[in-house]
Amino acid sequence: MKNTIKALSIMLLITSMVIPSTTNAQILKGGYFNVDWQFNAPVSNDFANVASGWGMNFEGGYYIIPQMSLGLYISYHTNNKYIGEQVLHLNSTESLYADQQHSLYQVPFGMAARWRFIEEGMWEPYIGVKLGAMYARMESNTQVYTYYDKTWGFNVQPELGLTIYPMRMTRTGLHIAIYYNYSTNKSKVLTYNIDGYNNIGFHVGLSF
Amino acid sequence: MKKAIPILIMAVTFIACQKEPDLNELSSDLIVYTNYDKNRNFGKYSTYAIPDSILLLDDKAKPTYYSADDPRTVAIVQAINSEMKTRGYIRTESTADADLGIQVSYVKDTNTIVSYATNNPYWWYGYDYYWPGSYWSPYWWGWGPSYAYPISYTYTIGSLIIEIVALEDANAATKKIPVIWTAYMAGILSSNQMNLNRTVAGIYQAFEQSPYILATVQ
């Protein structure tokens with residue numbers, strides 16, 4: 001939680017430096033840039049399925065037609081989970097006793113497409129899809145050792161969002177979105193396997 | 001575009017921000033790893049011998065030991081004897097009368113051990129003092145242990161290794177003494193000293209997760 005507060009504080013500090021310079025215009029005319037805090041819950045695996053807010057999302061795009069934009073995205077997220085003492089049977093002869101801190105670190109990035117239903121309005125709802133790659137680090141920490149597996153996979157992320165521009169004269173606004181995130185990464189640590197990463201979550205942040 | 005620079009800097013700042021789990025939340029410092037030769041029938045052995053000293057693995061020119069009257073040796077050997085007795089094995093004073101031998105080693109210096117593990121899973125090669133065959137029998141000069149399974153762990157300072165060797169099955173043709181069980185426990189240091197309570201708990205845990213160690217086939 002402390003890290004999340006720290007991240008949000010830094011984000012607000014930097015955006016407070018940016019906002020004054022962007023009150024009259026967007027960063028890129030006809031484009032947008034989102035900086036979001038992210039809340040994410042892994043689903044379909046029980047390795048580290050505790051939802052957390054330890055993540056950020058960055059996305060920028062340009063409207064090639066009034067309704068549709070193309071751009072880039074990158075986000076990162078960590079989900080951790082404590083596992084109590086237990087004996088893991090690593091194979092037919094090997095056993096390991098330990099308690100563990102599981103951690104999943106995911107960094108999807110790639111291209112983003114967005115279709116907005118209202119142009120240049122105070123409320124801009126949109127649907128989007130992101131396609132790209134994902135780096136994942138799956139790790140189990142004990143007091144003595146860290147076991148980990150680093151993998152790459154394809155990533156797809158449909159998203160439903162809303163950008164709110166409360167001030168008429170500026171295109172600086174608030175951004176919220178919910179998403180589903182799937183990646184093809186296959187990871188294995190000790191006796192744990194993940195065949196495909198599934199996540200749901202939401203973003204809350206600023207749009208420029 | 002200049003206006004985007006602070007945001008890009010922020011993005012780069014956050015990219016490597018994995019939230020490390022809090023290891024202080026781990027309730028146990030102890031990890032215990034065991035492995036065994038699945039082709040051995042532990043039920044066919046009935047007696048064992050255990051030295052009254054613990055070999056210290058370090059870079060000394062000559063082997064050093066925790067002696068028989070050292071409280072660490074006493075507690076560790078007692079815990080092992082207790083478990084072996086529970087499982088139906090009888091301790092013998094003479095190694096010549098024993099079916100099994102139990103060798104206990106404490107890692108004081110990882111450089112010695114890890115360097116052997118790097119290039120060869122049979123990490124004791126080149127470490128002349130690691131439980132030579134002659135310890136178990138004066139006729140076994142030049143004999144060494146043989147493993148049916150690789151030792152894949154990197155040993156850390158302050159870890160304990162317990163091995164059961166099948167003296168009864170020592171092979172004169174190959175001059176090898178089979179190692180049929182390995183227990184390795186780490187995280188037993190407190191303030192740079194062996195935590196005896198945790199070490200003994202680790203020994204009991206090693207046996208608990210090795211139910212196949214039984215003097216008679218159940």
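Modeller: From its N terminus onward, chain A runs through its elements in the order α-β-β-β-β-β-β-β-β, which amounts to one helix and eight strands; these are DSSP runs numbered from the N terminus, helices being H or I of at least four residues and strands E of at least two. The model is a predicted one, in which local features need pLDDT of at least 70 and side-chain atom pairs count only at pLDDT 80 or more, while totals for chains, interfaces and linings use all residues. Residues are numbered from 1 along each chain as its sequence is written, and chains are lettered from A and ligands numbered from 1 in the order in which they are written.

Chain A has 208 residues, of which 40% are buried (20 or more other C-beta atoms, placed from the backbone, within 10 Å of the residue's own; 12 or fewer is exposed, and in between is partly exposed). Of the contacts in chain A with a separation of 6 or more, 61% are made by residues 24 or more positions apart, a contact being two C-beta atoms, placed from the backbone, within 7 Å. Chain B, for its part, comes to five helices and 11 strands, and 36% of its 218 residues count as buried. In chain B, 74% of the contacts between residues at least 6 apart in sequence join residues at least 24 apart.

Ile31(B), once its neighbours within four places in sequence are left aside, has contacts on both chains: in chain A it meets Leu96(A), Tyr97(A), Ala98(A), Thr142(A), Gln143(A), Val144(A) and Tyr145(A), and in chain B it meets Met185(B), Ala186(B) and Gly187(B).

Ile80(B) belongs to α2(B), where Arg72(B), Ala75(B), Ile76(B), Ala79(B), Ile80(B) and Glu83(B) meet a set of residues in α5(B), namely Leu196(B), Thr199(B), Val200(B), Ile203(B), Tyr204(B) and Phe207(B).

Turning to the loops, Arg40(B) lies between β1 (31-36) and β2 (47-49) of chain B, and it counts as partly exposed because it has 18 C-beta neighbours inside 10 Å. Not counting residues up to four places away in sequence, Arg40(B) touches Ala166(B) and Ile180(B), and its C-alpha atom is separated by 9.7 Å from that of Ala148(B), a residue 108 residues apart from it along the chain.

Trp131(B) sits in the loop between α3 (110-119) and α4 (133-136) of chain B and is buried, because 22 other C-beta atoms lie within 10 Å. Ser44(A), in the loop between β1 (31-43) and β2 (54-63) of chain A, has 12 C-beta neighbours inside 10 Å and therefore counts as exposed.
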